[in-house]
Amino acid sequence: MPGDGRLDDDDRVASNGSGIAISGDGRTFTLTVPPTLHLTLGDVVVLDPDDGAEPLLGQVVEQDPPTTKARGRGMGGVLIGGVDPAGPLRLHGGRPFSEAAVTRASTDQLEELQRLSDAGIPIGTWASGEVTVPARMRAQGFGRHTFLCGQSGSGKTYALGVILEQLLLHTHMRMVVLDPNADFVGLGETLPGADQESAGGLAELDIRVLRAGDESAQPLRARFATMSRQAQAAVLRLDPLTNRAEYNAFLHLMAELRRMEIGEIGEIAARLQDGDPDARALGQRIENLGVLGWTAWAQDQPSAAETIAGGARATVMDLSGFGDPQEPLAVALDVVEALWEQRRSRTPTLIVIDEAHNLCPTEPASPIQALIVERLVQIAAEGRKYGLWLLLSSQRPSKIHPQALSQCDNLVLMRMNSPGDLAELAGMYGFAPPAMLRTSQFFAQREALVAGTFVPRPALVRMGARLTREGGSDVRVPVAEATAAS
Ligand SMILES: Nc1ncnc2c1ncn2[C@@H]1O[C@H](COP(=O)(O)OP(=O)(O)OP(=O)(O)O)[C@@H](O)[C@H]1O
Ligand SMILES: [Mg+2]
């Protein structure tokens, strides 16, 4: 990265008001910027070497601490390509130079940079230097795992909605949304203000919203009979060693029921009442846990996993309506296991998990949660070759299992105040320039840093507007009329 002593270059600020850059390695450059040239982190610049060679394209990714020096400030950047005045941009190859005048990239150059990078999915705006262009993401970049992070209220769920809508419109990727707070139940309902083309495009898609506790919606269910033995045991909190006798009774009973092609939880319980002491103990366990009363069991309804396998383009699973906290976990486990089980179909699938610390925590709190984490970590490590990609959203990196997080190659960072969390992100995601990460402390609500394979360059963007209805926006404090008027 750029070296020391940039401010000592003050004297070399060009008299015409452009900055002066030097590159000793052909990869990075240091830059002295006069007060009249407004450059900020993330800005794309054109560097015109004084040896008459082809201008280069670069991006500012570092800056010295603020200073009162009048004549210039130090910044650093990376070289990202070349600018042939007669031809297209080139997005590779830099070379050393001893002095270059620096100017800000134009609208056309920013657009071309995105076009050449196959970035075509609009998510908002990207301001660089004095111009603003649509911010576009690369569809192929979503063939990696993504982490969306930001403190509470920073706009993660809103931004996630914007990204999902655009992915629905611009890709054919299947989408499974694990939604803990009913925030995405309106994903199929376009807002009156949405442009007609987008509204029409979304209206054609098979978007299913599965919910518990809402008679008018398609129910959100899991099928006990087809869960893996391990998953069934986790639901029943059965450990093969600690609960040897009960577990064994369970294995034999399930083998028998499988031959009869049944195995729903109610059928199991019914057969345990008159059995031997181990069977009766198992029956008591099922009764004590209350699993018979769960509304999560599919019975004669399709399970969420079956709806997804049936070809729905997007399936939103509203996990918020269950009575027992283990029920949403059981449904999520059933779906995640089914997606993994069917991985050889290689169906490109984005598994979106908002508030991902509920399903992929650093320290699982129940056997079901432990199995979900195990499967998600496996998908994080091996899912890419089967077309299973994770998009995890959470308030803090430390709340998410590190083996899932470390596999993410894309970052969306919204406002984040905690220096510790920022340091953790900087340590994990070398592709996000640390100085740009630090600016997130000052982000307004809709601003985000996007970095990784899904964007041509790390960029500070302003998220666009939602096209579909937000499920649950924040509740405002009711203000007394007299106060509101004052
Ligand atoms: N770009 C935006 N445009 C308009 N409103 C927004 C935007 N981003 C966020 N909001 C509003 O701000 C509030 C908080 O946003 P959001 O729920 O997305 O935050 P969050 O980061 O997901 O918070 P939490 O971590 O608590 O879930 C919501 O009411 C949302 O409607
Ligand atoms: Mg949220």
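The structure is a predicted model, in which local features need pLDDT of at least 70, side-chain atom pairs count only at pLDDT 80 or more, and totals for chains, interfaces and linings use all residues. Residues are numbered from 1 along each chain as its sequence is written, chains are lettered from A and ligands numbered from 1 in the order in which they are written, and side-chain values use heavy atoms, with hydrogens and water left out.

The C-alpha atoms of the protein chain occupy a box of roughly 95 × 55 × 45 Å along the principal axes. The chain contains 14 helices and 19 strands; these elements are DSSP runs numbered from the N terminus, with helices of type H or I and at least four residues, and strands of type E and at least two. Of its 486 residues, 53% count as buried. Here buried means under 20% relative accessible area, exposed over 50%, and partly exposed in between, computed with a 1.4 Å probe on protein chains only. Among contacts between residues at least 6 apart in sequence, 70% join residues at least 24 apart, a contact being heavy atoms within 4.5 Å.

The chain is assigned domain 1 (12–105), domain 2 (135–222 + 297–463) and domain 3 (225–293); such bounds come from an automatic or database domain assignment. The centres of domain 2 and domain 3, taken over C-alpha atoms, are separated by 33 Å. In the contact between them, 14 residues come from domain 2 and eleven residues from domain 3.

Side chains of opposite charge can pair when their charged atoms come close. A salt bridge is counted where a side-chain nitrogen of Lys or Arg lies within 4 Å of a carboxyl oxygen of Asp or Glu, and the model has 16 salt bridges by this rule. One of them joins the side chains of Asp 409 and Arg 144, at 3.3 Å from N to O. Asp 409 belongs to strand β17 (residues 408–413) and Arg 144 to the loop between β9 and β10 (145–149), so this pair ties together parts that are 265 residues apart in sequence. Asp 409 is partly exposed, at 23% relative accessible area, and Arg 144 is also partly exposed, at 27%.

A further salt bridge is formed by Arg 375 and Glu 337, with an N to O distance of 2.9 Å. This pair links distant parts of the chain, since Arg 375 is in helix α10 (residues 367–382) and Glu 337 in helix α9 (residues 326–341), 38 residues apart. Both Arg 375 and Glu 337 are buried. Salt bridges with shared partners also join Arg 144, Arg 384 and Asp 409 into one network. The side chains of Arg 208 and Asp 206 meet in another salt bridge, at 2.8 Å from N to O; Arg 208 is partly exposed with a relative accessible area of 28%, as is Asp 206 with 31%.

Grid points are joined across faces, edges and corners, and a volume is the space filled by probe spheres set on the points.

The second largest pocket holds about 330 Å³ of space. Its lining comprises 20 residues, of which Thr 40, Leu 41, Asp 43, Ala 127 and Leu 460 are the closest to its centre. Two or more lining residues come from each of β8 (119–128), β18 (447–452) and β19 (459–463), and β8 gives the most, with four residues. Domain 1 and domain 2 each contribute at least three residues to this lining. By class, the lining has eight nonpolar, nine polar and three charged residues, where Ala, Val, Leu, Ile, Met, Phe, Trp, Tyr, Cys and Pro count as nonpolar, Asp, Glu, Lys and Arg as charged, and the others, Gly among them, as polar.

Two cavities of 30 Å³ or more are present. The largest cavity holds about 60 Å³ of space, and its lining residues include Gln 114, Trp 126, Arg 136 and Arg 457. At least two residues of this lining are supplied by each of β8, β9 (131–138) and β19. The second largest cavity has a volume of about 40 Å³, and Arg 174, Arg 343 and Tyr 386 are among the residues that line it.

Terms used. On a 1 Å grid over the protein atoms alone, a cavity is a set of points where a 1.4 Å probe fits but cannot get out, and a pocket is an open set with protein on both sides within 12 Å along at least five of seven lines; lining residues have an atom within 4 Å of a point.
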